[in-house]
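Me: I'd like to learn how to read a few features of this model. Can we start with how exposed a residue is?

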Amino acid sequence: MAIPVIDFSKLNGDERSKTLAQIANCCQDWGFFQLINHGISEDLLERVKKVSSECYEFEREPGFKNSKPVNLLKELVEKKSDESLVEKVDWEDVFLLSDDNHDEWPSKTPGFKETMKEYRAELKNLAIKVMEAMDENLGLPKGYINKAFNGGEEEEEENSAFFGTKVSHYPPCPHPDKVNGLRAHTDAGGVILLFQDDVVNGLQILKDGVWIDVQPIQNAIVINTGDQIEVLSNGKYKSVWHRVLALPEGNRRSIASFYNPSYKATIEPAKELVLAEKKLNVENSAKYPKFVFGDYMSVYAEQKFFPKEPRFLQAVKAV
């Protein structure tokens with residue numbers, strides 16, 4: 001079983017309706033899909049690969065070799081621990097890029113900052129296009145999801161949606177059966193756009209009770225829906241459990257960008273979708289409560305690797 005692949009360029013041609021239907025099906029039944037012909041140049045993607053690999057080699061790898069997961073795994077293997085699996089850590093080197101921490105971006109790798117700034121701008125535009133396709137499929141006004149993520153305002157800097165990029169590498173692991181690459185979880189936010197390794201696999205999603213691989217496709221962008229899309233769609237779209245396996249060979253690159261609500265944004269099922277449920281005489285037509293995204297993130301920080309359903313209720317405060 002393979003993750004669906006969608007030619008995003010056909011959204012602007014004669015096959016628009018068919019492409020929208022493919023996106024809707026993926027959002028409803030998969031929570032994950034891959035975009036090809038997405039409009040981001042091959043040249044830029046190749047430069048992103050280059051600077052990311054060089055950044056890991058020159059700026060990140062020395063620190064990872066003396067990191068907590070490496071040391072805990074050594075301790076376990078040397079029989080200093082009774083555990084069969086290293087718990088509560090991931091075999092991952094990771095750092096965050098955002099507009100707010102530009103001064104903290106890696107600075108020793110030539111071209112890294114310039115390339116990633118260009119890449120992030122392209123990915124942000126792609127995220128908006130994907131959300132607009134979701135709007136249309138859900139029968140919502142164009143820009144509805146983006147406006148909700150911006151705190152109900154189309155342009156208000158104070159409440160602007162957050163766009164972050166997590167740059168990760170999953171190095172070869174000498175004992176992959178004893179540690180997680182990244183523990184299973186759903187994503188807290190909105191729309192996630194992943195530029196993953198061309199060759200090394202390891203990312204899996206839970207589909208119908210079975211873990212399946214997200215197959216590497218050169219220069220594709222993997223899309224997945226986060227918890228807030230599940231709420232806004234009133235459960236029509238679902239966030240999906242996924243994980244990364246630690247592997248004995250290959251240094252897997254993973255660059256995940258996420259378009260999330262402002263921390264001040266109030267998130268609730270779209271009123272149009274709730275009304276549609278009421279017309280069908282569905283009980284509890286709003287399947288999720290109203291909450292502030294910042295409150296949800298406070299809960300998520302403590303419960304990321306636990307079932308998602310209790311998080312929605314625990315995030316509820318007076319709004």
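Reply: Buried means under 20% relative accessible area, exposed means over 50%, and partly exposed is in between (1.4 Å probe, protein chains only). Pro289, at 21% relative accessibility, therefore counts as partly exposed. Before we go on: residues are numbered from 1 along each chain as its sequence is written, and this is a predicted model, where local features need pLDDT of at least 70, side-chain atom pairs count only at pLDDT 80 or more, and totals for chains, interfaces and linings use all residues. Side-chain values use heavy atoms, with hydrogens and water left out.

Me: Where is Pro289 found, and which residues does Pro289 touch?

Reply: Helices (H or I, at least four residues) and strands (E, at least two) are DSSP runs, numbered from the N terminus. Pro289 sits in the loop between helix H7 (271-279) and strand S13 (291-292). Contact means heavy atoms within 4.5 Å. Leaving aside residues up to four places away in sequence, Pro289 touches Val231, Ile267, Glu268, Pro269, Phe312, Leu313 and Val316.

Me: Glu268 is in that list. Which residue does Glu268 form a salt bridge with?

Reply: The rule first: a side-chain nitrogen of Lys or Arg has to lie within 4 Å of a carboxyl oxygen of Asp or Glu. Glu268 pairs with Lys271, with the closest N and O atoms 3.2 Å apart. Glu268 is partly exposed at 22% relative accessible area, while Lys271 is exposed at 56%. Elsewhere, salt bridges that share partners join Asp43, Arg47 and Glu118 into one network.

Me: How many salt bridges does the rule give?

Reply: The count comes to 16. One of them is Arg60 with Asp93, whose closest N and O atoms are 3.0 Å apart. Arg60 lies in helix H2 (residues 42-64) and Asp93 in strand S3 (residues 93-97), so this pair ties together parts that are 33 residues apart in sequence. Arg60 is partly exposed, at 24% relative accessible area, and Asp93 is buried, at 7%.

Me: And what does Glu92 pair with?

Reply: Glu92 forms a salt bridge with Lys166, the closest N and O atoms being 3.5 Å apart. Glu92 is in the loop between helix H3 (68-77) and S3, and Lys166 is in strand S4 (residues 162-170), so parts 74 residues apart in sequence are tied together. Glu92 is buried at 13% relative accessible area; Lys166, at 22%, counts as partly exposed.

Me: Now sheets. What is the strand order in the open sheet of four strands?

Reply: Two strands pair if DSSP finds at least two bridges between them. Here the order is S5-S10-S7-S8, with antiparallel pairing. S5 (182-185) and S8 (210-213) stand at the edges with a single partner strand each, so one side of each has no neighbour in the sheet. Inside this sheet, S7 (residues 203-207) and S10 (residues 242-244) pair in the antiparallel sense over three bridges, and Ile205 stands opposite His242 in S10.

Me: Last one: at what angle do H1 and H4 pack?

Reply: Axes are lines fitted to C-alpha atoms, for helices over the stretch in contact, and angles run from 0 to 180 degrees between N-to-C directions. Helix H1 (residues 16-29) and helix H4 (residues 112-138) pack at about 90 degrees, their axes 10 Å apart. Angles under 35 degrees count as roughly parallel, over 145 as roughly antiparallel, 65 to 115 as roughly perpendicular and the rest as oblique. H1 and H4 are therefore roughly perpendicular to each other. The contact is made by Arg16, Leu20, Ile23, Ala24 and Cys27 of H1 and Ala133, Met134, Glu136 and Asn137 of H4.
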